Amino acid sequence: MAAAAAIAFLGGLIVGSFVTVVAHRVPRGESIVGPRSRCPACGTQIAAYDNVPVVSWLLLRGRARCCGAAISPRYPLTELVLGLLYMAAVLVLWDDPTEIALGLVFVTTLLAVTLTDLERRVIPNKILIVAAVLAVAIAAVGDPSSLPQRVIAAAAAGGVLFAAALAYPRGMGLGDVKLAATMGLFLGRDVAPAILVALLAGSLVGLAMIARDGAAARKRAIPFGPFLALGGVAGMLAGDQMVDWYLGTFS
Ligand SMILES: [Zn+2]
């Protein structure tokens with residue numbers, strides 16, 4: 001299990017590097033398979049040995065080899081976060097290969113849309129469609145009896161977010177509605193605690209901003225996608241425990 005966790009971590013680093021490419025290129029309508037990565041500052045093609053996740057950034061001390069331009073720490077951070085999420089998914093979901101496969105695709109999706117939502121305030125349909133198709137395909141092969149529950153969870157989560165978007169149009173959009181529905185496909189009933197965690201975290205941050213900046217904060221909309229992603233990770237890692245705790249406490 002320790003070996004599997006280490007492999008998962010390394011796999012997460014490598015896929016994380018791909019996620020930064022997807023998050024940069026998809027909202028701009030660019031191809032994700034080619035051309036090779038170029039330095040955003042001077043356009044020089046980046047050599048493979050300078051594109052090793054985390055390691056290259058550390059060796060280059062955060063500067064491009066070609067022109068010395070600063071490379072955002074967002075890149076190594078994204079890789080590191082996905083490495084840790086892959087490791088957590090493998091360790092927590094260890095006894096269920098279908099859940100592991102779903103979990104790896106899920107956290108990859110959540111990280112990609114977190115980046116696009118933070119950077120450009122969009123949650124690209126293309127990313128969600130690929131994720132949804134993969135979720136249904138993996139569940140259909142590994143756990144077909146769970147499909148009805150997943151579809152119901154997707155409709156319910158999308159419905160809740162749609163109502164929230166109607167009530168709070170500045171803070172939430174249709175991208176959040178579609179992301180929540182996609183999360184339902186991955187999580188099934190565990191999407192309920194996931195949405196609760198997202199709403200709670202979003203409210204706390206919103207209140208903290210109002211407490212700090214007063215009325216000015218009300219006018220500033222913060223993207224909700226990252227909070228949904230946070231809730232999604234919580235739902236994946238601890239959703240069953242949260243649902244059991246709720247059912248045990250209130251029924
Ligand atoms: Zn350069």
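User: What pLDDT does the protein chain average in this predicted model, and what share of the residues score at least 70?

Analyst: The protein chain of this predicted model averages a pLDDT of 93, and 100% of the residues score at least 70.

User: Which secondary structure makes up the protein chain?

Analyst: There are 10 helices and zero strands, and reading along the sequence gives the pattern α-α-α-α-α-α-α-α-α-α.

User: How do you know whether the radius of gyration agrees with that of a compact globule?

Analyst: A compact globule of 251 residues would have a radius of gyration near 18 Å, and the protein chain has 19 Å, so the value agrees with the rule. Along the principal axes, the C-alpha trace spans about 60 × 50 × 30 Å, and buried residues make up 38% of the 251 residues.

User: How do you know whether the span of helix H8 agrees with its number of residues?

Analyst: Helix H8 covers residues 191–213, which is 23 residues, and at 1.5 Å a residue these should span 33 Å; the end C-alpha atoms are 32 Å apart, so the two values agree. Just after H8, glycine 214 takes a positive phi of about 65°.

User: Which residues of H8 are buried, and what covers them?

Analyst: The buried residues of H8 are Val191, Ala192, Pro193, Ala194, Ile195, Val197, Ala198 and Gly202. Their cover includes helix H6 (147–167), helix H7 (174–187) and helix H10 (225–250).

User: With which residues is alanine 180 in contact, leaving aside its neighbours within four places in sequence?

Analyst: With those neighbours left aside, alanine 180 is in contact with Ala157, Gly158, Val160, Leu161, Ile195 and Leu228.

User: Why does glycine 173 count as buried?

Analyst: Glycine 173 has 20 C-beta neighbours inside 10 Å, and a residue is called buried if 20 or more other C-beta atoms lie within 10 Å of its own, so glycine 173 meets the cut-off and counts as buried. Its place is in the loop between H6 and H7, and its C-alpha atom is separated by 9.8 Å from that of arginine 121, although the two residues are 52 residues apart along the chain.

User: What makes the phi values of valine 54 and arginine 61 worth a look?

Analyst: Valine 54, in the loop between H1 and helix H2 (55–59), has a positive phi of about 60° although it is not a glycine. Arginine 61, in the loop between H2 and H3, is likewise a residue other than glycine with a positive phi, near 50°.

Technical notes
Residues numbered from 1 in each chain as written. Predicted model: local features only at pLDDT ≥ 70, side-chain atom pairs only at ≥ 80, totals over all residues. Helix = DSSP H or I, 4+ residues; strand = E, 2+ residues; numbered from the N terminus. Expected span 1.5 Å × (residues − 1). Buried ≥ 20, exposed ≤ 12 C-beta atoms within 10 Å, placed from the backbone. Contact = placed C-beta atoms within 7 Å. Rg over C-alpha atoms; globule rule 2.2 N^0.38 Å. pLDDT = per-residue confidence, 0-100.
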